[in-house]
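This report describes selected local features of one protein model.

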Amino acid sequence: MLDKTLKDEIQRAYRQILAERNLRPRYGQRLMVAAIANALAGLDKDASSDEDSDEVAPAPVCVVEAGTGTGKTLAYLLATLPIARHFNKKVVLATATIALQEQVIQRDLPDILAHSGMDFSMALAKGRGRYVCLARLDQQLQGNESEQAMRELFGDLLETPAELGDNTALYEQMLERIGSGEWEGDREDWPTQIRDEEWQPVTVEAGQCAGPRCSYYSRCCFYKARETMETADCIVANHDLVLVDLALGGGAILPDPADTIYIFDEAHHLPFKANNHFAEQIRLRGTLQWLEQMTRSLVKMSADPLLATNNAFARAVAELQSEQPALQSGLSEALLLIQSIIEERQSAGQSAGAATGVTGQEAWHFPAGVLPAELKALSDQLQRQSVAVSRCLRDCVTALRRQMEEGESLEHRQQAEMCFPAIGGMNTRAESICRLWHSLAREDPAGQAPTARWLRELEFNDDHDYLICSSPVLASGTLTEHLWDRCAAAIMTSATLSALGRFDMLTMRAGLPATTEYHRIASPFDYQQAAVLRVPKMQCDPSDSQAHTTAIAELLPRILNDNQASLMLFSSRRQMQDVLALMSAEWQDRILCQDDYQKQQLINLHRKRIDEGQGSVIFGLASFAEGVDLPGKYCEHVIIAKIPFAVPNDPIEATLSQWLSDQGKNPFQVISVPEAAFRLVQAAGRLLRNEADTGTITILDERLVTRRYGKDILDSLPPYRRELMVDL
């Protein structure tokens, strides 16, 4: 039970912010505040635990699906911040995107601080790659001599492009603004857009950063930003940064998980981001080339007069020379074996599926994630060999760190510092190679979802390579190990978290604890009055792609309004392109296709057309089905081509489906239908963005009416006014 003093504090803050901002209370928002506050009362483990039990009470985990218009941000912050302070915990608010992260830190939190009467401090957390590195910046400003010296040592291993043009003026301006205090080194805060090729030479990632041993450490933009986090009550991060910190053991970048209440906004992304974060892949031929170049560069470096006296470095390089040939030989053997595996499958008439996250690429996945015996044995060998090489590189890094700190002269220390980012990057890549072979060699635990393992063929002009990949199929294991079992508490929220009215899919993918509390809070929108949902007669099944595409192209001119803003969502890029090609020239001029513009550029052009009284139609894919906010006149008609079923031959989903089948479950009912329902709710949600919005949703898929699963999906949508199987 929540302490009465805390309850009063939260209610007082809520009343005050409503009064000062002249807002009316929202029923759903109050429900959300109460749900989160009551769940976090479980932080008082002394009061909630059985005195006779030695078991530690599990961390409170609360899932809140709150429909659009609830006011989620205000609700979860008002509920969490006072309780966190009471229990001496930090709050880490993680958003799915950096754009939302900056909205919270620049608008939402300052607004609450100004009007609620609460007192708290806040900080923005970003990774190293978002901040300029003063050491790299200085190196660039030293001119071509420094850059040429690095290229002579590392050649093609340097990640910075060889021909950058003259960016001296930009870098001098950066240094000047840092010195004057006008800029704190954050890329997003620079007054103009910085291109990747301009930014890359003056930043580093974690493995390339020398930390306290760097001569610029006391002035480092990244570490200065971290200092503000140490005293902040609320730290605004993103999902990726939280996952990076958890993978490093927790507390490396953000506060210790045991002292942290995590809030995950847009939480439906978390399981998939966790899978991506713990996925591994390497290019075989590319890795072979890198290994040769890396060894040559380190041997050359060890002969440099300013490094030759570093005995530890010399020993590590010598050991690398002795270990590298075995790994080189093993990788060459793996390349030949993988070529033969693919050739055998092609000869047997097997077709490849679409690779995860890569449009137009083919993937050859191993059923149930089980490798052929020969490749499994070779992976075990390559794991040991890559660990030996990685150990040598780690010793090189340690030796350079020591020279940076204890070098016999300033020149010796500076040389070590100049070389550190390149060797740190090598070490990071070697560690990734180790993780890949470990993932391939390990046995999947019995009774748990397997690891997906697959191959891809790559072609770059005349070059041919093979990508070997692995990924968890469920994030349940990694999130349980790194988050649920370690955090003080966690809140997951989004407008859409359930599927078919249940949280089963989220629970399975995220591995949520058995004690998790679940809440569904309805949107305040009057769906019946605001929108009509139409399913027209199409006289074709979407499984007949050609007929369905033709039917869509014939129907669109009849249902699109010349002076209206419309959003047409496709599940397939091919179908989007084919429908566009079948439209008349007049309609093609009105249609803004996702393939032809940057996303924000397209949205800005669409808004401009509507503001000028013209009609505008957006053709978009999945990225336009969520996170796109086009309120009022900017979107009055959403057209959805078909039920958004996932690609059935994605390697990760194929492995998960087979695992479920092996357990006697129906993957179509367990995964495909709920996921499609989830995506359809999100897509339809593009229409009503506030309580004043009205419009039409048209879904060009008769299966919603004619199939049993379609009716289940239809019933999971908000209660729009329905017009089913109508002639249009």
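Predicted model: local features only at pLDDT ≥ 70, side-chain atom pairs only at ≥ 80, totals over all residues.

Although Q539 is not a glycine, its phi is positive, at about 60 degrees.

E266 also has a positive phi, near 50 degrees, and is a residue other than glycine. Its place is in the loop between strand 5 and helix 12. With a relative accessibility of 23%, E266 counts as partly exposed.

## The buried side of helix 17

Helix 17 spans residues 476-484, and its buried residues are T478, L479, H482, L483 and W484. These residues lie on the same side of helix 17 because they cover an arc of only 150 degrees around the axis.

Several elements pack against the buried residues of helix 17. The strands are strand 1 (61-66), strand 5 (260-265) and strand 11 (489-494). The helices are helix 11 (239-247), helix 12 (270-277) and helix 18 (504-510).

## E675 in helix 25

E675 is found in helix 25, which covers residues 667-684. This glutamate counts as buried, at 7% relative accessibility. Leaving aside neighbours within four places in sequence, the contacts of E675 are with F272, M505 and R509.

The side chains of E675 and R509 are joined by a polar contact of 2.7 Å. The C-alpha atoms of E675 and P644 are separated by 8.3 Å, and the two residues are 31 residues apart along the chain.

## Two helix pairs

Two packed helices are described by the angle between their axes and the distance between the axes. The axes of helix 1 (residues 4-20) and helix 5 (residues 98-115) cross at roughly 100 degrees and come within 9 Å. Helix 1 and helix 5 are therefore roughly perpendicular to each other. Helix 1 contributes Q16, I17 and E20, which meet D111, I112, A114 and H115 of helix 5. By class, the residues of this contact are three nonpolar, two polar and two charged.

Helix 24 (residues 651-662) packs with helix 25 at an angle of about 145 degrees, and their axes are 9 Å apart. On the side of helix 24, the contact is made by E653, L656, S657, L660 and S661, and on the side of helix 25 by P667, V670 and I671. This contact has five nonpolar, two polar and one charged residues.

Technical notes
Residues numbered from 1 in each chain as written. Heavy atoms only, no water. Buried < 20%, exposed > 50% of the residue type's maximum accessible area, 1.4 Å probe, protein only. Helix = DSSP H or I, 4+ residues; strand = E, 2+ residues; numbered from the N terminus. Arc of directions from axis to C-beta. Contact = heavy atoms within 4.5 Å. Polar contact = N/O pair within 3.5 Å; in protein donor to acceptor, adjacent residues only side chain to side chain. Axes fitted to C-alpha atoms, helices over the stretch in contact; angles between N-to-C directions. Parallel < 35°, antiparallel > 145°, perpendicular 65-115°, else oblique. Nonpolar A, V, L, I, M, F, W, Y, C, P; charged D, E, K, R; others polar.
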